[in-house]
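Give the cut-offs along with the terms.

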Amino acid sequence: MTPHRIVFVDRDSLPVPISISGFPHEYRDYPASRPEELAERLAAADIVITNKVPFSRATLEQLPNLKMLAVAATGVNMIDLAACKERGVAVANVRQYGDQAVAEHAFMLMMALMRNLPAYQRDVAAGLWENAPQFCHFGAPVRDLAGATLAIVGAGGIGQALAERARAFGMTVLFAEHKGATSVRDGYTAFDEVLASADVISLHCPLNAATEHLIGEAELVAMKPGAVLINTARGGLIDENALIAALKYGQLGGAGVDVLSEEPPRNGNVLLKSRLPHLIVTPHVAWTSQQAMRALATQVAENIEAFVAGESLRRVV
């Protein structure tokens, strides 16, 4: 049997091993790859592992031997799926490997902001406690999670995992209906009602044409004064300029984001320049617990092994 040629084009994006077995194969990886390098690097490859490297129609046309794209992520927006279908290239992704990890990260951001942890860290570092007239330093307002309302946009695995944690802390949990929906499904709350009533809104939905700038200036103004906004999904869900304005002018009580509109933010980003004590930015690490990354690697291997065996597992195309 001719061995399959497997190439991982952006190996440094997943710092855990992928163990593929069950069939003869040759494996090679590259720390990272630019689109213009793919034709040469993948000339003989029939199975390609990619995390964030895009595969356009033009790129696919240069890869006549390609039979499968194994995506080491859930999102496949960087792949021309229509072109893959036309060319008979299978595409499989990974799913729900990081539900617990991302939910915990969102919960961490929410708790830190509701209790204004960054502001108090700043005050202590500035010596305000040392000079306080009494035993404690009264600074930014501290709020309990118990009794507060959390609205979750996206009722998939991550949203459900976050809801479970929030209820355990005594929060009321709402799931937001689609923005602009003409009717409200059972178990959901109208989007506009969520904006007006939630103490915390956490985004866990995909980025697409319907959700780009889901939270813009109008939505931020409509939110409950002092509310906290969390985004561990995709940066493009929020108008970042409008978010900074809402934080600076006191409309929001805080914001925690793990994602930006451009990643990495090589051209800078308004959220990184602000230095606001009620804004937390983390570098797209919500999914990176050791458990989650190992689960992701396992799914990638399973998808490839299923494809070689003639089976369909987590197929997108």
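Q: Which element gives the largest share of the lining of the largest pocket?
A: This is a predicted model, in which local features need pLDDT of at least 70 and side-chain atom pairs count only at pLDDT 80 or more, while totals for chains, interfaces and linings use all residues. Residues are numbered from 1 along each chain as its sequence is written, and side-chain values use heavy atoms, with hydrogens and water left out. Helices (H or I, at least four residues) and strands (E, at least two) are DSSP runs numbered from the N terminus. The largest share of the lining, three residues, comes from α6.

Q: How much space lies in the largest pocket?
A: A pocket is an open set of points on a 1 Å grid over the protein atoms alone, where a 1.4 Å probe fits, with protein on both sides within 12 Å along at least five of seven lines. Grid points are joined across faces, edges and corners, and the volume is the space filled by probe spheres set on the points. For the largest pocket this space is about 1,600 Å³.

Q: Which residues lie closest to the centre of the largest pocket?
A: Lining residues have an atom within 4 Å of a point. The largest pocket has 50 of them, and the closest to its centre are K52, G75, A233, R234 and H284.

Q: Which elements give two or more residues to the lining of the largest pocket, and how do the lining residues divide by class?
A: The elements that give two or more residues are α4 (99–114) and α6 (157–168). For the classes, Ala, Val, Leu, Ile, Met, Phe, Trp, Tyr, Cys and Pro count as nonpolar, Asp, Glu, Lys and Arg as charged, and the others, Gly among them, as polar. The lining divides into 22 nonpolar, 20 polar and eight charged residues.

Q: Where does the largest pocket lie relative to domain 1 and domain 2?
A: The domain bounds come from an automatic or database domain assignment. Domain 1 (4–97 + 291–309) and domain 2 (98–281) both give residues to the lining, so the largest pocket lies between them.

Q: Which residues lie nearest the centre of the second largest pocket?
A: The second largest pocket holds about 250 Å³ of space. Its lining has nine nonpolar, four polar and three charged residues. Of the 16 lining residues, those nearest the centre are V153, H178, K179, C205 and T211.

Q: How far apart in space are F191 and V153?
A: F191 lies in helix α7 (residues 191–197). Buried means under 20% relative accessible area (1.4 Å probe, protein chains only), so F191, at 5%, counts as buried. F191 and V153 are 38 residues apart in sequence, and their C-alpha atoms are separated in space by 8.8 Å.

Q: Which residues does the UniProt NAD-binding domain feature cover?
A: UniProt positions are in the numbering used here, feature names are shortened, and annotations may be inferred rather than shown by experiment. The unreviewed UniProt entry places "domain: D-isomer specific 2-hydroxyacid dehydrogenase NAD-binding" at residues 107–286.

How values were computed: Buried means under 20% relative accessible area, exposed over 50%, partly exposed in between (1.4 Å probe, protein chains only).
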